[in-house]
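Subject: Handing over a structure, with notes

Dear colleague,

I am passing on a structure for you to look through, together with some notes on what was found in it. Please open it first, and then read the notes beside it.

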Amino acid sequence: MNQNSKKSALKENDGIEQPDSISAKSVVQIQHFRKRQPSANELITAILNGDKTALSRAITLVESTNPEHLEKANEVIQGCLPHANKSVRIGITGVPGVGKSTFIEAFGKYLTSLGKKVAVLAVDPSSSISHGSILGDKTRMEELVKDENAFIRPSASGESLGGVARKTRESIMLCEACGFDTILIETVGVGQSETAVHSMVDFFLLLNLAGAGDELQGIKRGIMEMADLIVINKADGDNITKAKLAKTEYNRALHLFPMKNSGWSPTVTTCSAIEKEGIDSVWKIIEEYFHLTKENNYFNTKRANQNQYWLMETINDQLKNNFYNNPEIIQLLEENKKAVSTNEISPFAAAFLLLKKYFK
Ligand SMILES: Nc1nc2c(ncn2[C@@H]2O[C@H](COP(=O)(O)OP(=O)(O)OP(=O)(O)O)[C@@H](O)[C@H]2O)c(=O)[nH]1
Ligand SMILES: [Mg+2]
């Protein structure tokens with residue numbers, strides 16, 4: 001406690017005891033790092049040494065909107081890049097309440113028990129206020145949070161989907177350079193964020209529930225089509241029979257989709273995240289997928305395509321940002337918006353004029 005606080009007229013109660021979810025080792029590391037801002041090179045060295053505090057710091061730089069931080073972030077990413085890529089990236093989606101957090105806790109613990117190092121990231125542009133669903137979720141990931149071999153990071157917030165997605169992709173690389181070999185990326189199964197996540201992972205897992213009315217109700221066809229595996233969660237208690245039934249239904253539905261380029265036939269399984277049942281089968285299926293796609297080289301081809309996709313996306317994003325944040329353009333755009341609405345100028349002529357001004 002601050003010495004000065006004793007002089008205050010207000011009574012200040014003693015703080016609560018340190019919860020045991022905070023590891024003493026991390027506290028020491030954080031205190032050490034907080035003393036000063038480490039340089040890009042120091043961050044790179046620490047990340048390559050598996051230092052999770054440095055990893056967190058670097059991700060914070062990546063997420064920052066301060067141009068100085070961005071420059072440093074780019075330097076760190078560049079330094080980490082040769083050490084990235086050596087991981088498997090798994091996307092996990094499903095509607096709110098399906099059990100994503102509970103599943104990731106069980107699945108993550110299972111993976112660390114196999115000796116894997118697991119990083120959990122999230123893409124959730126909707127949660128700008130709550131600062132990412134994972135954060136509030138740390139109670140659901142109690143065991144995983146404490147696990148030395150796990151790293152959990154809530155999503156970047158207050159941003160466009162494009163912005164959040166780029167930052168998540170860069171965070172993936174940093175996690176890989178830090179030695180994490182299994183990256184789980186959570187997203188909520190309600191909007192466009194699946195497409196963004198799909199374009200940054202090797203394997204896409206859809207969590208579903210049985211017995212919520214019509215089996216296929218509420219799941220967008222597009223999301224089902226992206227899935228490499230559908231896991232029916234909450235297959236426990238009275239729900240087991242319904243889950244088995246749902247498995248048959250989903251299997252039937254999956255057969256209606258065209259064959260995938262990966263050569264993989266998407267499949268369905270059941271699990272209970274809360275009772276940690278069926279988690280091993282999920283991993284077994286994922287391993288089969290990696291075996292197949294590494295053998296037929298789809299794994300590498302997909303990653304190469306994804307890199308090209310993100311190159312184009314980033315350029316598009318930056319061009320757009322740069323254009324719309326240009327003070328001259330901001331003013332000219334306002335004037336032209338008025339002019340097009342009163343038919344003084346055609347939208348095409350106005351656009352041409354603005355772009356000409358911008359690229360002059
Ligand atoms: N019976 C049963 N309940 C489960 C299981 N998995 C999760 N739940 C419960 O379902 C509720 C929602 O679980 P979460 O893990 O928070 O679900 P989520 O998909 O992360 O939800 P959002 O973060 O809101 O999108 C919680 O009350 C869990 O305890 C399961 O396997 N069986
Ligand atoms: Mg959750």
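A residue is called buried here if 20 or more other C-beta atoms lie within 10 Å of its own, and exposed if there are 12 or fewer. Please also keep in mind that this is a predicted model.

With that cut-off in hand, we can begin with one residue, Lys72, whose place is in helix H4, which covers residues 67-80. Because Lys72 has 20 C-beta neighbours inside 10 Å, it counts as buried. If residues up to four places away in sequence are left aside, Lys72 touches Ala40 and Leu61. Ala40 lies 32 residues away from Lys72 along the chain, and yet the C-alpha atoms of the two are separated by 6.0 Å.

The chain as a whole

The chain has 15 helices and 7 strands, and of its 360 residues 36% count as buried. If you take the contacts in the chain with a separation of 6 or more, residues 24 or more positions apart account for 73% of them.

The sheet

Strands of a sheet pair through backbone hydrogen bonds, either in parallel or in antiparallel fashion. In this model, 7 strands form an open sheet in the order S3-S2-S4-S1-S5-S6-S7, and the pairing is parallel. Strand S3 (150-152) and strand S7 (267-270) stand at the edges with a single partner strand each, so one side of each has no neighbour in the sheet. On average, and with direction ignored, neighbouring strands of this sheet are turned by 25 degrees against each other.

Strand S1, which covers residues 88-94, has 6 of its 7 residues buried, so it is largely enclosed by the rest of the structure. It is joined by 7 bridges to strand S4 (residues 182-188), and the two run parallel; in this pairing, Val88 stands opposite Thr182 of S4. S1 also pairs with strand S5 (residues 203-209), again in the parallel sense, over 4 bridges. Here the bridge partner of Ile90 is Phe203 in S5, while Ile92 has Leu205 in S5 as its bridge partner.

Helix H8 and its neighbours

Helix H8 lies across S1, strand S2 (118-123), S3 and S4, and it runs at about 175 degrees to S2. Two packed helices are described by the angle between their axes and the distance between the axes. For helix H3 (residues 52-63) and helix H8 (residues 161-177), the angle is about 160 degrees and the axes are 10 Å apart. That angle makes H3 roughly antiparallel to H8, and the crossing of the two helices is right-handed. The contact is made by Leu55, Ala58, Ile59, Val62 and Glu63 on the side of H3, and by Lys167, Glu170, Ser171, Leu174 and Cys175 on the side of H8. Sorted by class, this contact of H3 with H8 has 6 nonpolar, 1 polar and 3 charged residues.

Two residues with a positive phi

Lys234 is not a glycine, and still it has a positive phi of about 65 degrees; its place is in the loop between strand S6 (229-233) and helix H11 (240-254). Asn297 is not a glycine either, and it has a positive phi of about 70 degrees; this residue is found in the loop between helix H12 (279-295) and helix H13 (298-324). Is each of them buried or exposed? Lys234 counts as buried, because it has 25 C-beta neighbours inside 10 Å, whereas Asn297 counts as exposed, because it has 9 C-beta neighbours inside 10 Å.

With best wishes

How values were computed
Residues are numbered from 1 along each chain as its sequence is written. Chains are lettered from A and ligands numbered from 1 in the order in which they are written. This is a predicted model: local features need pLDDT of at least 70, side-chain atom pairs count only at pLDDT 80 or more; totals for chains, interfaces and linings use all residues. Axes are lines fitted to C-alpha atoms, for helices over the stretch in contact, and angles run from 0 to 180 degrees between N-to-C directions. Angles under 35 degrees count as roughly parallel, over 145 as roughly antiparallel, 65 to 115 as roughly perpendicular and the rest as oblique. A crossing is left-handed if the near helix is turned anticlockwise from the far one by less than a right angle, and right-handed if clockwise. Two residues are in contact if their C-beta atoms, placed from the backbone, lie within 7 Å. Ala, Val, Leu, Ile, Met, Phe, Trp, Tyr, Cys and Pro count as nonpolar, Asp, Glu, Lys and Arg as charged, and the others, Gly among them, as polar. Two strands pair if DSSP finds at least two bridges between them.
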